Amino acid sequence: MNKGIVIKSTGSWYTVKSETGDKVECKIKGNFRLKGIKSTNPIAVGDHVEFKFVEEETEGNTNIINGLITTIVERKNYIIRKSPNLSKQSHIIASNIDQAFLVVTINYPVTTTTFIDRFLVSAEAYRIPCTLVFNKIDRYNGEQNKHMEELIELYEKIGYRCLKTSTKTKVGMDTLKNWMQNKTNVFAGHSGVGKSTLINTVEPDLHLKTKEISDYHQTGKHTTTFSEMFELNFGGYIIDTPGIKGFGVLEMEKEEISHYFPEMFQLLEKCQYYNCTHTHEPGCEVKKHVNEGEIADSRYFSYLGLLDYDAKYRN
Ligand code: GDP
Ligand code: ZN
């Protein structure tokens with residue numbers, strides 16, 4: 001049996017890069033199903049699969065050799081998007097992601113802490129380690145720099161790796177490349193923060209390819225089925241996630257949300273109630289830490305927002 005990794009998915013065809021480095025166009029067995037996941041696509045980019053070569057008759061004459069995917073290795077993680085039409089179903093965008101880089105800018109455009117925190121919660125829920133990349137530092141004035149340093153301090157304290165970059169002055173570019181090497185990487189962030197430029201700077205050859213795909217996605221039709229990952233010359237992959245800003249917050253129980261705020265989760269067992277939502281409950285350790293300034297107000301604010309906790313209930 002041949003093993004490989006799915007590097008491109010069109011919905012009906014999958015390009016599998018085999019262990020020997022060949023690219024094989026594969027189909028899947030008609031009855032291919034995965035346990036536990038209600039998804040519109042059984043196989044996604046990033047999947048490790050087993051496949052066998054098959055001969056196919058095309059229009060009665062030529063025998064084209066292709067692959068048939070027979071097995072999928074259990075996924076380490078995956079990111080999904082809810083299908084617009086089929087309510088209970090979701091579309092798997094990619095799997096087996098090693099890390100995400102959330103590219104943020106203080107200005108040009110503004111990235112809010114609410115946006116950052118929502119993304120981090122999704123990344124935690126998906127079990128994808130996330131690095132914050134503060135880009136365009138060449139453009140910041142004193143005040144903006146100060147704001148950035150505060151944010152870096154805030155997020156590093158929680159345990160998130162941060163990096164300052166500029167594609168203009170090339171600050172941080174070697175480190176970024178280093179961190180990406182031999183990993184399967186996803187980039188996210190608002191449009192205009194510099195994702196394409198960053199990627200283009202670490203690997204110039206990639207630019208055209210990603211641009212093409214992104215433009216293709218914007219035409220709409222294939223948005224939900226087409227995805228691809230690109231091999232990096234210096235080792236590793238980058239997953240092209242069409243028009244993705246964040247991952248979209250997964251549906252979760254109210255009691256579960258704070259589990260994805262690491263600085264809150266570690267206090268949970270000290271709260272009086274095991275299912276504390278850190279809002280109205282007495283003996284809440286999280287609220288105590290917020291009041292003492294140990295947990296950032298912006299984080300608690302983001303948390304309440306995710307909880308959909310109406311302002312009128314706040315004390
Ligand atoms: P994307 O939408 O996130 O892919 O953003 P782009 O890569 O298209 O970049 C948006 C704009 O920001 C472009 O005009 C880039 O030249 C510019 N840009 C990207 N990185 C930097 C940077 O580090 N400094 C400055 N000053 N501009 C940047
Ligand atoms: Zn609590």
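Q: What makes the 39 residues with Leu 102, Leu 132, Phe 134 and Tyr 155 a nonpolar core?
A: A nonpolar core is a set of buried Ala, Val, Leu, Ile, Met, Phe, Trp, Tyr and Cys residues joined through side-chain atoms within 4.5 Å. Buried means under 20% relative accessible area, with a 1.4 Å probe and protein chains only. In this predicted model, where local features need pLDDT of at least 70, side-chain atom pairs count only at pLDDT 80 or more, and totals for chains, interfaces and linings use all residues, the largest such core has 39 residues. Leu 102, Leu 132, Phe 134 and Tyr 155 touch the most other members. Helix 2 (residues 142-158) gives the largest share, 6 residues. Side-chain values use heavy atoms, without hydrogens and water; residues are numbered from 1 along each chain as its sequence is written, and chains are lettered from A and ligands numbered from 1 in the order written.

Q: Which residues does Tyr 155 touch, not counting those up to four places away in sequence?
A: Contact means heavy atoms within 4.5 Å. Tyr 155 touches Thr 113, Ile 116, Asp 117, Leu 120, Leu 132, Tyr 160, Cys 162 and Arg 299.

Q: How do you know that Asp 138 makes a polar contact with ligand 1?
A: A polar contact is a pair of N or O atoms within 3.5 Å. A polar side-chain atom of Asp 138 lies 2.8 Å from a nitrogen atom of ligand 1, so the pair qualifies. Asn 135 also places a polar side-chain atom 3.2 Å from a ligand 1 nitrogen. For Gly 192, a backbone N or O atom lies 2.7 Å from a ligand 1 oxygen.

Methods
Buried means under 20% relative accessible area, exposed over 50%, partly exposed in between (1.4 Å probe, protein chains only). Helices (H or I, at least four residues) and strands (E, at least two) are DSSP runs, numbered from the N terminus. A polar contact is a pair of N or O atoms within 3.5 Å; within protein, one must be able to donate a hydrogen and the other to accept it, and residues adjacent in sequence count only if both atoms are side-chain atoms.
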